[in-house]
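Hello,

Here is the structure we spoke about. My notes follow below it.

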Protein chains: 2
Amino acid sequence: MRTLVGDERILMKHGAGGRAMRRLIEEVLTEGLAAGGRPGDRGLKAMDDGAALRVGDQWLVITTDSHVVHPLFFPGGDIGRLAISGTVNDLSMMGATEVLGLTCAIVIEEGFARADLVRVQQSMRATAHEAGAAIVTGDTKVMGRGELDGLVLNTTGVALTDRVVSDAALQPGDVLIVTGTIGDHGFAVMAARHGLALDGALQSDVAPLNDMIRRVLRAGGEGVVAMKDPTRGGVASSMHEMASKAQLSIVIDETAVPVTEQARAASELLGIDPLHVANEGKAVIGVRAAAADAVLQALHAHPLGRRAAIVGRCVEGRPSVVLDTGVGRRLLMEPEGEPLPRIC
Amino acid sequence: MRTLVGDERILMKHGAGGRAMRRLIEEVLTEGLAAGGRPGDRGLKAMDDGAALRVGDQWLVITTDSHVVHPLFFPGGDIGRLAISGTVNDLSMMGATEVLGLTCAIVIEEGFARADLVRVQQSMRATAHEAGAAIVTGDTKVMGRGELDGLVLNTTGVALTDRVVSDAALQPGDVLIVTGTIGDHGFAVMAARHGLALDGALQSDVAPLNDMIRRVLRAGGEGVVAMKDPTRGGVASSMHEMASKAQLSIVIDETAVPVTEQARAASELLGIDPLHVANEGKAVIGVRAAAADAVLQALHAHPLGRRAAIVGRCVEGRPSVVLDTGVGRRLLMEPEGEPLPRIC
């Protein structure tokens with residue numbers, strides 16, 4: 001049975017991080033759900049990377065993600081590293097860089113190789129250690145052969161913070177920083193999946209960013225006003241979400257956006273803009289102009305931020321993302337979704 | 001490729017809540033994972049229903065579960081009610097009955113009916129409301145047609161409590177209470193799946209227990225020493241885990257175990273002992289003998305605890321579960337796993 005009418009059945013784009021997914025979430029999943037939340041908590045209605053719950057005089061930040069990346073092992077990482085990094089990074093983007101604990105729920109297909117499970121587990125453990133975090137509880141389910149393609153991994157994280165950074169607080173005049181080269185994760189997975197000749201040279205950037213973000217927050221203080229990790233839908237989706245929430249226009253200087261040679265080559269080969277491709281070890285950081293230098297310095301001093309660059313500025317105007325190509329300006333459309341399914 | 005040697009590939013029993021799953025978790029999943037945890041936190045090594053993390057002078061309890069039940073809609077409930085109830089109940093079993101927040105991560109198969117997604121979401125919302133809890137954040141992924149059988153739903157919950165109840169603190173002389181009839185969830189799902197004639201009469205017991213457990217804790221105070229929700233593997237698995245952790249023997253009075261007529265009929269038809277069948281709205285509660293009456297009274301006054309009964313006692317001895325059938329005694333073996341796959 002294919003789709004009868006428009007959206008009556010779920011399509012791949014509904015999980016692809018773009019406009020289609022946002023609509024599904026708003027229309028079905030969050031509809032009414034925030035009701036019942038405690039007054040003062042920041043939950044689903046904020047559509048942020050997680051929720052912030054009042055605990056004493058602090059915020060408990062909580063975030064969850066299920067991971068369905070295919071293949072499970074790709075150049076530069078695997079589903080285990082992806083899950084831990086993704087959760088640590090979502091917490092970090094809300095300003096919560098000291099992880100209290102991570103949970104890990106695994107759904108495994110019958111017949112899955114035990115050796116691969118051990119490999120994924122070791123990768124999770126190593127990545128958690130890198131992030132100074134611990135996996136504190138978990139769950140294991142098995143589905144029959146053919147009922148699941150390999151492995152689905154859910155991680156949820158909790159962290160305490162005194163100050164929550166949202167993704168909605170940009171103002172005209174603010175500066176947008178990308179913490180390094182973009183598109184590496186998405187292009188590496190695409191290359192691995194399709195056996196592109198570029199394969200070996202492309203590496204996913206998947207990494208936990210909490211240590212780097214801790215330094216950013218120390219350097220920039222209250223001048224760090226908005227953060228987002230540009231995963232599904234890439235930097236373009238993140239910028240669109242930030243512009244829309246803050247009701248302003250973001251102008252991106254395309255020539256300033258850092259892209260590796262290999263990602264550039266993949267981009268040209270596949271005809272896919274790196275701005276639309278998923279990252280798993282990068283952040284888009286919005287800062288007050290006065291804080292930009294200090295934040296950039298902190299980033300450049302960190303191994304994961306060496307190629308950080310100012311790539312955009314906020315201006316008054318209708319919510320939009322404008323691309324300054326160096327020879328002219330055009331609107332950067334909000335992607336309907338990540339071009340590749342099961343990228344994370 | 002079928003299994004070459006013993007456990008080299010994951011089998012259905014590895015997700016079935018019994019001995020095989022416990023071994024997989026110990027050998028692969030928790031091996032080394034608790035390392036890195038903060039001193040004083042109670043995490044994976046305790047193998048409890050969740051972890052307890054120190055936050056100020058309280059405990060933050062966190063628990064996670066992925067749900068793969070088949071069919072998604074069954075007599076008495078659905079995967080949405082199951083997910084919320086399961087998470088609320090795991091928190092409650094650790095003594096944390098005031099839910100701070102729940103997360104919900106959905107993985108959907110391409111082609112899934114949007115109307116069914118709405119139905120699941122509405123059920124989650126209603127069940128969360130029943131438990132006085134809010135879903136505060138979520139995640140949505142889509143897998144291709146044939147890559148996933150319908151829907152996988154992960155819920156994680158956090159709650160604060162002053163006192164953590166473990167499942168390990170039983171002593172000889174303690175009394176074991178079951179809060180109502182057993183096996184209803186498992187038999188209802190079996191009947192629905194196999195189209196047994198019993199179908200209509202069997203109803204899953206799936207329900208959030210936090211309100212009832214709150215009253216139990218108020219009534220029994222420090223006399224409530226151990227709690228467990230007997231899901232996969234049923235009451236038998238829970239009793240075995242409790243006996244093994246406390247290093248004592250549990251004697252169950254089989255004639256005292258409440259079972260509905262319909263579940264009894266299903267049990268005889270299928271040749272499956274209700275003690276081995278999953279429950280989703282019941283608890284096994286270990287109490288000091290002096291607190292038993294007060295706890296039982298509190299249970300009988302609650303709509304979900306009307307048929308609560310004392311079913312067992314703890315005695316000194318090697319870890320074991322002994323079944324007193326009324327005409328004799330025999331060892332109740334630890335099940336290798338739940339008899340039915342994808343029961344929750």
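**Between the chains**

In this contact, 81 residues of chain B touch 81 residues of chain A. Please keep in mind that this is a predicted model. Chain B and chain A bury about 6900 Å² between them. Carbon and sulfur atoms account for 63% of that area. Three residues of chain B stand out: Ile10(B), Arg114(B) and Lys141(B). Together they supply 11% of the area that chain B buries against chain A, more than any other three residues.

The polar side is as follows. There are eight salt bridges between chain B and chain A. Arg232(B) and Asp139(A) form a salt bridge through their side chains, at 3.2 Å from N to O. Residue pairs in polar contact between chain B and chain A number 23, with both residues at pLDDT 80 or more. On the side of chain B that touches chain A, several elements give two or more residues. The helices are helix 1 (19-29) and helix 3 (114-130) of chain B. The strands are strand 1 (51-55), strand 2 (58-67), strand 5 (99-109), strand 6 (135-143) and strand 7 (151-161) of chain B.

**Between the domains of chain A**

Chain A splits into domain 1 (48-161) and domain 2 (175-331). Their centres, taken over C-alpha atoms, lie 23 Å apart. In the contact, 24 residues of domain 1 of chain A meet 23 residues of domain 2 of chain A. The area buried between these two domains is about 2000 Å². Carbon and sulfur atoms give 57% of it.

How many salt bridges join domain 1 of chain A and domain 2 of chain A? The count is one. Glu98(A) pairs with Arg214(A) in a salt bridge, with the closest N and O atoms 2.8 Å apart. On the domain 1 side, helix 2 (79-93) and helix 3 (114-130) of chain A are the elements that give two or more residues. Helix 2 of chain A gives the most, with nine residues.

**Helix 7 of chain B**

Helix 7 of chain B covers residues 261-270. Its buried residues are Ala263(B), Ala266(B) and Ser267(B). Just after the helix, Gly271(B) takes a positive phi of about 70°.

Best wishes

Methods:
Residues are numbered from 1 along each chain as its sequence is written. Chains are lettered from A and ligands numbered from 1 in the order in which they are written. Side-chain values use heavy atoms; hydrogens and water are left out. Buried means under 20% relative accessible area, exposed over 50%, partly exposed in between (1.4 Å probe, protein chains only). Helices (H or I, at least four residues) and strands (E, at least two) are DSSP runs, numbered from the N terminus. Domain bounds come from an automatic or database domain assignment. Contact means heavy atoms within 4.5 Å. Buried area is the accessible area (1.4 Å probe) that two parts lose on being put together, summed over both. A salt bridge is a side-chain nitrogen of Lys or Arg within 4 Å of a carboxyl oxygen of Asp or Glu. A polar contact is a pair of N or O atoms within 3.5 Å; within protein, one must be able to donate a hydrogen and the other to accept it, and residues adjacent in sequence count only if both atoms are side-chain atoms.
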